[in-house]
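Here are my notes on the model, as numbered points. Please read them beside the coordinates.

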Amino acid sequence: MKRMILWGLVACLIAMAAIRLAPSDPNRWHVAPVGDTDRDMPGGVFRVIESDPDGFERLHEIATGTPRTYVLAGSMSEGMVTYITRSKAFGFPDYTTIQLDGDMLRINGRLRFGRRDFGVNRKRVDGWLTRLQF
């Protein structure tokens with residue numbers, strides 16, 4: 001029995017390391033968000049708001065100021081940035097792409113592993129947008 005528990009713990013540690021060390025391919029995750037209406041999905045969230053370059057810049061500052069969040073690809077000058085935010089406990093990566101399209105900001109937050117994010121991306125993106133309004 002002790003041996004089974006030990007092997008189970010070893011398997012969990014290997015799985016956690018694989019999640020933390022899995023490479024993030026910008027070609028797969030840095031893609032333009034498509035859509036014109038807000039929607040909540042089991043694995044993420046999509047938001048569209050009116051804005052301008054100043055709003056995009058402020059949202060970028062909010063995103064990069066979020067703990068465990070960094071830029072995967074893109075830039076302000078490109079008009080689109082994709083961020084990775086990792087969960088605190090296990091390091092699960094979530095990807096958020098923000099694109100300035102004319103006077104619209106399109107924001108797509110989604111998970112990488114699993115089928116459901118239990119509202120984590122919605123909470124983060126909506127929190128960023130709330131902070132943007134002030």
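1. A salt bridge here is a side-chain nitrogen of Lys or Arg within 4 Å of a carboxyl oxygen of Asp or Glu. By this rule the chain has six salt bridges. The model is predicted: local features need pLDDT of at least 70, side-chain atom pairs count only at pLDDT 80 or more, and totals for chains, interfaces and linings use all residues. Residues are numbered from 1 along each chain as its sequence is written, and side-chain values use heavy atoms, with hydrogens and water left out.

2. Overall layout. The chain has four helices and six strands; these are DSSP runs, numbered from the N terminus (helices are H or I, at least four residues; strands are E, at least two). Their order along the sequence is α-α-β-β-α-β-β-β-β-α. The C-alpha atoms fill a box of roughly 60 × 25 × 25 Å along the principal axes. Of the 134 residues, 41% are buried. Buried means under 20% relative accessible area, exposed over 50%, and partly exposed in between (1.4 Å probe, protein chains only).

3. Asp36 and Arg106. Their side chains meet in a salt bridge at 2.6 Å, N to O. The pair links distant parts of the chain, 70 residues apart: Asp36 sits in the loop between helix H2 (26–29) and strand E1 (39–41), Arg106 in strand E6. Asp36 is exposed, at 60% relative accessible area, whereas Arg106 is buried, at 10%.

4. Arg47 and Asp126. The closest N and O atoms of this salt bridge are 2.9 Å apart. Arg47 is in strand E2 (residues 44–50) and Asp126 in helix H4, so the bridge ties together parts 79 residues apart in sequence. Arg47 counts as buried, at 10% relative accessibility. Asp126 is partly exposed, at 25%.

5. Arg58 and Asp54. This salt bridge has its closest N and O atoms 3.4 Å apart. Because the two residues are four apart in helix H3, about one helical turn separates them. Arg58 is partly exposed at 32% relative accessible area, and Asp54 is partly exposed at 44%.

6. Where does Asp117 lie? Asp117 is in the loop between strand E6 (104–111) and helix H4 (120–132). Asp117 is buried yet has no salt bridge; Arg124, the nearest side chain of opposite charge, is 6.4 Å away. For charge, Lys and Arg count as positive and Asp and Glu as negative; His and the chain ends are not counted. The Asp117 side chain does reach the backbone nitrogen of Gly119, at 3.0 Å. Beyond neighbours within four places in sequence, Asp117 has contacts (heavy atoms within 4.5 Å) that include Met41, Leu111 and Arg122.

7. The largest pocket. A pocket is an open set of points on a 1 Å grid over the protein atoms alone, where a 1.4 Å probe fits, with protein on both sides within 12 Å along at least five of seven lines; lining residues have an atom within 4 Å of a point. The largest has a volume of about 340 Å³, taken as the space filled by probe spheres set on the points, which are joined across faces, edges and corners. It has 19 lining residues, and Ser87, Asp94, Asp117, Val120 and Arg124 are the closest to its centre. H4 gives the most to the lining, with four residues.

Definitions and conventions:
Polar contact = N/O pair within 3.5 Å; in protein donor to acceptor, adjacent residues only side chain to side chain.
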